[in-house]
Structures are given as C-alpha cells and as structure tokens.
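Biologist: I would like a close look at a single part of this model. Please take me through it step by step.

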Amino acid sequence: MGWKTYLIMYFGSNGIKITDIVKKVEALGFKAALGPADFEYSWKTAPRKEEVFELGDKITEVLKGTGVMFNLDTHD
C-alpha cells in the first residue's frame, strides 16, 4: 500500500472558492479523494517526521489567508 498523508480541510464561507484551493493543494502533489479525507499524498518511501512537517509547512503557506483549517494524518 505504501505511506500516505491524508489531508482533511475545513472550509469557511468567508474564504476563497474551494475550486481555487483545490488547484493550490494539487500543485503540491496531493490528489483529490473521496471518503473520510479530501486529499491524499503518496510518499515514495517511508517519510521522516521532518518531511511530514515540511509538507505541513507548505500547506500552511498555500492556505494562508484562505480561511481554511486542515488536519494531516500520515500512515502506511
């Protein structure tokens, strides 16, 4: 199966359009998903904690000012 980071986002009505947010997140390498997570990121090898934190930093930067809150869940 491999290691994946699942991204769950919580949208507010005062931010930018969801379709614009999707483009930003997909540009980071996430794929849209159906089910309990909104997006998933596939790792080529088991990630180190620091790599997951760096990915979280990138998400934070992309979502800054959008009003979106998010949660990451990484496991194999």
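Which residues have the most contacts inside the largest nonpolar core, and how many residues does that core have?

Modeller: Keep in mind that this is a predicted model. The largest nonpolar core has 13 residues. Those with the most contacts inside it are Leu-7, Met-9, Val-25, Phe-30 and Leu-63. Four elements each supply at least two residues of this core: strands E1 (4–10) and E3 (39–42), and helices H1 (18–26) and H2 (49–63). H2 gives the largest share, 4 residues. In soluble globular proteins, nonpolar side chains tend to be buried together.

Take Leu-7 next. Leave aside its neighbours within four places in sequence. Leu-7 is then in contact with Val-25, Phe-30, Ala-37, Asp-38, Phe-39, Ile-59, Phe-70, Asn-71 and Leu-72.

Now the rings. The count comes to 2 aromatic pairs. One joins Phe-30 and Tyr-41, with ring centres 5.3 Å apart. Their planes stand at 55°, so this pair is tilted; edge-to-face would need over 60 degrees. Phe-30 sits in the loop between H1 and strand E2 (31–32), while Tyr-41 belongs to strand E3, so the pair ties together parts that are 11 residues apart in sequence. Phe-30 and Tyr-41 are both buried.

Tyr-41 also pairs with Trp-43. Here the centres are 4.9 Å apart and the planes make 65°, an edge-to-face arrangement. Trp-43 is buried, as is Tyr-41.

Terms used. Residues are numbered from 1 along each chain as its sequence is written. This is a predicted model: local features need pLDDT of at least 70, side-chain atom pairs count only at pLDDT 80 or more; totals for chains, interfaces and linings use all residues. Side-chain values use heavy atoms; hydrogens and water are left out. A nonpolar core is a set of buried Ala, Val, Leu, Ile, Met, Phe, Trp, Tyr and Cys residues joined through side-chain atoms within 4.5 Å. Buried means under 20% relative accessible area, exposed over 50%, partly exposed in between (1.4 Å probe, protein chains only). Contact means heavy atoms within 4.5 Å. Rings of Phe, Tyr and Trp (its six-membered ring) pair if their centres lie within 6.5 Å; planes under 30 degrees apart count as stacked, over 60 as edge-to-face and the rest as tilted.
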